[in-house]
Amino acid sequence: MNRTTRLFAALGLALAITPAFGQAPIKIVGLVELSGTGATSGTNFDNGVKLAVKEINAAGGILGRQVQYTSSDTQSNPGVAKALAQKAVDDGAYVVMGPVFSGSILVSMAETQRAEVPNFTGGEAASITQKGNPYVFRTSFTQTTAMPKVARYIKDSVKAKTVDLMWVNNDFGKGGRDMIIAALKAEGIAVGADISTDPGQVDFSSAVLKAKQSSGDALFVYTNEEESARALRELRKQGYAKPIIGETVLTSQKVIELAGDAANGAVAHVGLTADAPLPAIRKYDADFQREYKSRSDHNGLKGYSGMYIVKAITERIGKVDGKAFAAAMKGAKISAKDYPGVLMDVSFDQHGDIDRESFLTRVENGKQIVVQTLPPLGAK
Amino acid sequence: MGDFIQLIVSGTATGAIYALAALGFTLLWQAAGVINFAQGEFVMLPAFAMLAGMLFGLPLWLAFLLACVASAIVLGAGFKFGIVDPLIRHGVIPLVIATLGLSIAVKSIVRAGYSAEAFPLPSPFPSGQFSIAGINVSNSDIGTLVLAGAIVIGLQAFLNKTVTGRAMQAVAQNTDSARVLGIDVRRMVLYVFLINAVLAAVAALLITPTYLAKFDMGDSIGQKAFFAAIIGGFNQTRGALLGGVLIGVLENLVGYYVSPAYKEGVALVLFLAVILFRPEGLLGKAEERKV
Amino acid sequence: MSDLREAAALEGHASRSAGLRHAAILVAVLAALLVGALYLKRSDVYLLTLTMVYLMATLGLNLTVGYAGQMSLGQAAFFGIGAYIAAIALKAGVPFLAVVPIAAVACFFVGLALGFPALRVQHHYLAFATLGFNVLVFLVMRNEEKVTGGTYGITSIPRPTVFGWSFNGHYAFYAFTLASLVILGGLVWWLLRSPWGRAFAALRDNPIRAESLGVNITAYTLLAFAIGAACAGVGGVYYASLVEFIEPGPFHFSVSLMMLLAVIVGGSGRFYGPAVGTIVIILLPELLRSSNHEALKFMQKWYLVFFGLAVVALMVWLPGGLLSFRDRTLRKRSAK
């Protein structure tokens, strides 16, 4: 080989073996419920994040760096979530996505807070953002925002004087129940039967019978996915004819799939839905189906938009710095025009709570139809 | 009053399903000395088999029949020859532990190999209600009662009226005497395993529309089957029936009149009460202390 | 005569040197654990501490299952009772060193109360009674919100402060737990060497003969069960402090089953059996999950499958558990 060739060969070799500067990947860790009672929510959330990461990496990553996303199974167990959070912190995560279940995030966020790592969650329990943790951020409404919207709908459209409640006995369900009771009271609506059910409950015959025999004008159902499906089936089986209203879960994809015909007629307020008539969401819906061969539920949207929020804020602060990120999140406003990945204009407050448009949906013929779009609370 | 009757009817229907699982469980113990901790998974697997069948486009009844056959072969004969026979000579405890291990392995195979999510299965009965004297009873409850009832009556008839059935009972009561009488004990025991597998498959057909097929659906049904068998009397097949129905009905009544939170406690309290005060079960005969 | 004495002296020598060897290995292992952990990541130290906490419970279970020959399906319930007692007491300011014996004694008496009626009738009913007990305790933990916090559980459980020294840090608590485990193990070891221990062994090996020799089977079985329960209670106290948060989930009946499997897989009736078994069910899956090899990561999803099948296989070929492997090969060798 002559000298020039050797020089080029050496250069080529050097380039091949030297890691290019500034190309170290950004580590994002997912703590998700991949088994246990939260498997549906966790899997969807995880898939949403993965889809976003795939798109972001294909478009050049964040600040020129590729995103490396790994997820672990919390088994819907807060103790496991806590241990996994520690691990994520030890492994140098920039941002942690998840867990989805309120019970788990409440425990694991102590770890991410201690290490000053920003933590996005799909959890909806009000208490998540009431503990003064500056590192936790929602990807969906808190129950304190959602329930007043539901109550208003019940008063204006359903015109019910008394509402029966069926809720699941965990942080998510209990928090929701407490919030809806407060919201109903504010609208002058009384609470009829107060029916608690268990996570993972299978037999809803006595719960539904109680609802049937009560004098309430409508039923508000606030349970997790599988239980909602079973409740709807039992309600149909027993010929329940009064309006059935829920929040987010009741008209979600998985529930419709599991409940079949029994879901028709159910109404729910949702913060995010793959059926929303917005072009960004339509595109997401199609991409998700192509990637995962099934429709995304609201948790997928949470994960997807959450990941794009990470991209948006990181680019805004210009560096990969957790502390700066958390500071920049306070009062942040991100528009869907600049970042289509966030799907809808979104703004954050000082506590990590989110404000956005939302939708009223009804299940017709096995499909979720959006019947109304409600503006963000802050816009009123 | 209407509520009460409705609760009793739907409770009996649910209880009948528990009874089917408990029946097989009891038969296994009596005839083969096997405490099958994987009984719940014996219900879960046929449920997924039916799901798979329907994914291939088969109608429900065909998927069910195929699931029964597959169950009988794998969970009946396969279980007996592959696991019980090699282990029974080591004693009861290693066998129980093995069924525990089997239960964990099977659940994890479904979860890792297929999915951790829940899947719907259509009901074999048309939806809708039936009105008798002002009381509403759902079609599926009636269907369940009829089907489960038919099977139980059929099984009892088989056990009491046919030669094979009586031979099986003889084996259950006293294996050695049965052998001396010239009964092919091994064949009778095999039949018991086959029957158990099919009973579990029927339970799957009846309960999955409500429970939804999920890898861990066997946990709660296995537990109820176990409780039902003990409550009714572990050494009496009719006991399994009574135990199952009792649990189903009382759960509904307690869940409605008392407290939904402790509904699951009903089976449990009954179970504990029986163990402490009438250990042979409500219908069982007191076991002599085997020296 | 002098031959016999000589033989006895030789045997004494042999067993004494075996004993010394045993002690030396133990000290070496403990030293390695103490020093090695200084170089490990925080989450790894947490994992080791968690393993030790579960080991306290399985050590107790081994007494019941391995030495007294009873099947207990409720060890997680006692684990949970200890944990909830600790959570409530520690948050109320009761010093850690007082909480441990309180939990132990409470679980001991609950164990007696549970075992007494069950054993009076038929011995295999203890298994059923413990199963029912576990399910009941779980339900109570989940529903009695005022006391147990219900599904929300109890948060912010403090770590121990002993004589003014705080063991809050992850390594400090690890060392504290290790020391406590050694003490607990020592107590159990002493118990097994005592006349009581020999009565337990007699129970397991030949209950009828034991009874004919005057050993009250029921009383000793009950004792073994209650002591096993007390050990689990102690473990629960450490669990509460370790995780700093408890809820009913970790005390579900399925956890009792895993503890039972840990004891049996390790080798029931062998002193170090629970250690082997607990490592298998707690450490191994975590190591698989967090490894960087793709092949091992794949294993993580399938771990339970292999574990379940391994249990079945173990029961067929090595029903005495992993630690009985050495005996089997020795026996085979001597049989030749």
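## Exercises on a predicted model

C:Phe79 has 0% relative accessibility, so this residue counts as buried. The model is predicted.

**Exercise 1.** Classify C:Tyr239 as buried or exposed.

*Solution.* Start with the cut-off: buried means under 20% relative accessible area. Next, take the value: C:Tyr239 has 6% relative accessibility. C:Tyr239 therefore counts as buried.

**Exercise 2.** Find what type of aromatic pair B:Phe42 and B:Phe79 form.

*Solution.* Two quantities describe a pair of aromatic rings: the distance of the centres and the angle of the planes. Take the distance: the ring centres lie 5.1 Å apart. Pairing requires centres within 6.5 Å. Now take the angle: the planes stand at 85°. Planes over 60 degrees apart count as edge-to-face. So the pair is edge-to-face. Then place the partners: B:Phe42 sits in helix α2 (residues 39–55) of chain B, and B:Phe79 in helix α3 (residues 60–88) of chain B. They are 37 residues apart. Both B:Phe42 and B:Phe79 are buried.

**Exercise 3.** Compare the radius of gyration of chain B with that of a compact globule.

*Solution.* Chain B has 291 residues. For that number, a compact globule would have a radius near 19 Å. Chain B has 19 Å, so the two agree.

Note on methods:
Residues are numbered from 1 along each chain as its sequence is written. Chains are lettered from A and ligands numbered from 1 in the order in which they are written. This is a predicted model: local features need pLDDT of at least 70, side-chain atom pairs count only at pLDDT 80 or more; totals for chains, interfaces and linings use all residues. Side-chain values use heavy atoms; hydrogens and water are left out. The radius of gyration is taken over C-alpha atoms; the globule rule is 2.2 Å times the number of residues to the power 0.38. Rings of Phe, Tyr and Trp (its six-membered ring) pair if their centres lie within 6.5 Å; planes under 30 degrees apart count as stacked, over 60 as edge-to-face and the rest as tilted. Helices (H or I, at least four residues) and strands (E, at least two) are DSSP runs, numbered from the N terminus. Buried means under 20% relative accessible area, exposed over 50%, partly exposed in between (1.4 Å probe, protein chains only).
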